[in-house]
Amino acid sequence: MSKYYITTSIPYVNAELHIGHAMELLQADVLARYHRQNGYDVVFATGSDEHGSKIAEKAAEKGVTNQEFVDAHVTAFKKLLKELQITNDRFTRTTSPDHEKRAQIVWKNLSKYIYKNSYIGLYCVGCEEFVTEQKAKDNNGVCPNHNRPYEQVKEENHFFALSTFTDKIKQAINDGTLQIVPETRKHEIIQLLNEGLDDISISRSKEKLTWGVAVPSDSSQVMYVWFEALLNYITVLGYPDSPDMAAYWPADVQIVGKDILRFHAAIWPGILLGLGLDLPKKLYVHGFISSEGKKMSKTLGNVVAPADIIDTYKLDAMRYYFLRHIPSYGDGDFNWQRMNEVYNNELANELGNGVGRVAAMISKYQDNIIGEVPPAEHDIHEYQLALQECRFDRALEEVWEQVRGLNQYIDAVKPWQIAKQGDSVHLQEVLALCVSNLLEIAALLAPFLPDTSAKIAVMFKDGIVRPLDEPLFPKEQEKPTQK
Ligand code: MSP
C-alpha cells in the first residue's frame with residue numbers, strides 16, 4: 001500500500017489557538033482524508049511546540065510552572081482537534097521524553113556540523129529568532145510582529161554549519177526534489193538562498209533559559225527551540241531506527257504558514273542533509289487570515305476562536321469557509337457577514353436545496369424508491385490536480401460546478417412536469433441521474449465536509465431515499481451577522 005506522510009507545523013502552546021491555526025489543521029486534514037479515501041496508508045502528524053523563552057515568560061506571568069502551563073494548553077489544543085474533527089494519527093509534545101531523547105540523538109548525529117562560537121546579536125523573544133543589523137534598523141529596533149524592542153544578546157552557543165548546505169538546498173528546490181508551492185514562496189526562498197545562508201546558533205545558555213532540551217555533553221546549554229521543534233517531524237516517526245522512519249520518511253507534504261517559510265525551506269533541509277536524510281517532497285505554504293479586515297491581535301480583541309464559528313454555523317460550514325473562501329495560495333479574511341452569505345447562498349441554497357429537492361421529488365413521485373443509479377460520469381481530473389497542488393479552494397470550486405450543474409439540470413428538465421405527463425420511466429431515469437450526481441458530490445466532499453458527505457451518502461444509498469428530519473443547512477435559524 002502506498003504510504004503518505006503529512007505534517008502541520010506544531011503551534012506554540014502559549015495562547016488559545018485561533019482560526020489561523022485551525023485552517024492549517026483543516027488543510028492537512030483534507031489531504032489526509034483524501035489519501036485515505038484513495039487507499040493510501042496515511043500518517044498525519046501534528047503536535048505542540050512547548051519549549052523556549054516565549055512559553056517560560058507566559059508561564060511566569062501566570063504564576064504557574066512551565067509544565068503546568070503547557071499541560072493546560074495542550075488539553076485545550078486536543079479539544080480543538082476534536083471539535084474540528086481533525087483525523088491526525090499522531091501528536092507530538094516536544095516536552096515528551098521520547099521526543100527529547102530522539103532530539104538528542106539528532107544532535108549527536110549532526111555533530112560533524114556543530115561547533116561552538118561566541119555570538120552577539122539582536123534577538124526577538126517573540127519570534128525566538130536573531131535578526132540582522134539591517135533588519136533591526138529597517139524596523140527601527142522594534143519587532144513588527146511582537147511590538148517589542150530587539151534585545152542585544154551575547155553568549156557562547158553551539159552553531160550548526162548551515163552555510164555548507166546552501167547550494168544543495170538551492171539545487172533541490174530548483175530541480176523539484178523539494179517542491180515549494182505556491183511558486184511565489186519558492187522564488188522568495190531562492191532569493192534568500194542566492195544571498196547565501198549563514199551558520200545558525202542552535203543552543204542557548206542555561207543561565208538565560210532552562211526550559212529546553214539539554215544539549216548532549218554540554219550541561220551549560222539547552223537546544224534552541226526552533227532547532228528542536230523542527231525535529232518533531234522525524235522524532236514522531238521514531239528517528240533514527242524505528243521501522244516507521246524507513247516506511248514514511250520523506251514526508252509527502254509539510255504544511256506551514258508564510259511566516260515560518262525560512263525555517264522550513266532553509267534550516268530544516270539543512271538539518272536533514274546533515275543527517276543524510278531525504279528532503280520532504282513538498283512544502284505547502286499558506287497565507288495569513290485576518291479578522292474583519294484587520295490583523296488578528298489580542299490588543300484589538302479581534303481574535304476569532306474556531307468554537308465561536310462552530311457554535312453558530314456547525315463544523316462543516318466552518319470547514320467550507322476556510323477551505324473555499326480563504327485563498328489557498330494567498331492571504332484571506334474571516335468576517336461574520338461573509339460567513340453568513342456563504343452559509344445561505346452556497347451551503348443552504350445551492351447544496352442544501354439540491355439535495356432536498358431530489359430527495360423530496362423521489363419521496364413524492366416514487367414513494368422513496370430510487371431504482372437503478374447510473375455510475376458517476378463527471379471528469380474529476382481538475383479536482384484531483386487541485387488537491388495535488390494543495391489548492392483546496394480550486395478543488396471545492398470544481399465540486400460546486402457540479403452542485404450548480406445539478407440544480408440547473410433540475411430546472412431545465414422540470415421533473416414535476418414529467419410527473420404530470422405520467423412518464424414514470426423517464427422520471428425515474430432523470431431522478432436516478434440526479435442521485436448519481438449527488439453520490440459523486442458526496443464522495444468528492446468527503447475530505448472537506450465529512451458530516452455533510454456522510455449524510456448525503458446515507459440518504460441515497462441502496463436505491464431508497466431516507467429523507468432527513470431537517471435540511472442539511474437549515475436557513476430558518478437566524479444566523480447572526482455580527483458577534
Ligand atoms: N511553533 C512554531 C512552529 C514550529 S514548527 C516546527 C510556530 N507556532 S505558531 O503557533 O506561531 O504558528 C503555528 C502555525 O500557525 C504557523 O504555520 C503559522 O503560520 C500559523 N498561523 C499563525 N497565525 C496565523 C494566521 N493569522 N493565519 C494563518 N495562519 C497563521 O510558528
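Start with S291: its bridge partner in β17 is K294. That is one spot in the pairing of β16, residues 289-291, with β17; two bridges join these strands, which run antiparallel. Strands here are DSSP runs of E with at least two residues, helices are runs of H or I with at least four, and both are numbered from the N terminus. Two strands pair if DSSP finds at least two bridges between them.

Before going on, the sources. This is a predicted model, where local features need pLDDT of at least 70 and side-chain atom pairs count only at pLDDT 80 or more, while totals for chains, interfaces and linings use all residues. Residues are numbered from 1 along each chain as its sequence is written, and side-chain values use heavy atoms, with hydrogens and water left out.

Which order do the strands of this open sheet have? It is β17-β16-β18, three strands with mixed pairing. The edge strands, β17 at 294-295 and β18 at 332-334, each pair on one side only.

Now the whole protein. It has 19 helices and 18 strands. Its C-alpha atoms fill a box of roughly 90 × 45 × 40 Å along the principal axes. Of the 483 residues, 54% count as buried, meaning under 20% relative accessible area with a 1.4 Å probe, protein chains only. Among contacts with a separation of 6 or more, 77% come from residues 24 or more positions apart; contact means heavy atoms within 4.5 Å.

Conventions: Buried means under 20% relative accessible area, exposed over 50%, partly exposed in between (1.4 Å probe, protein chains only).
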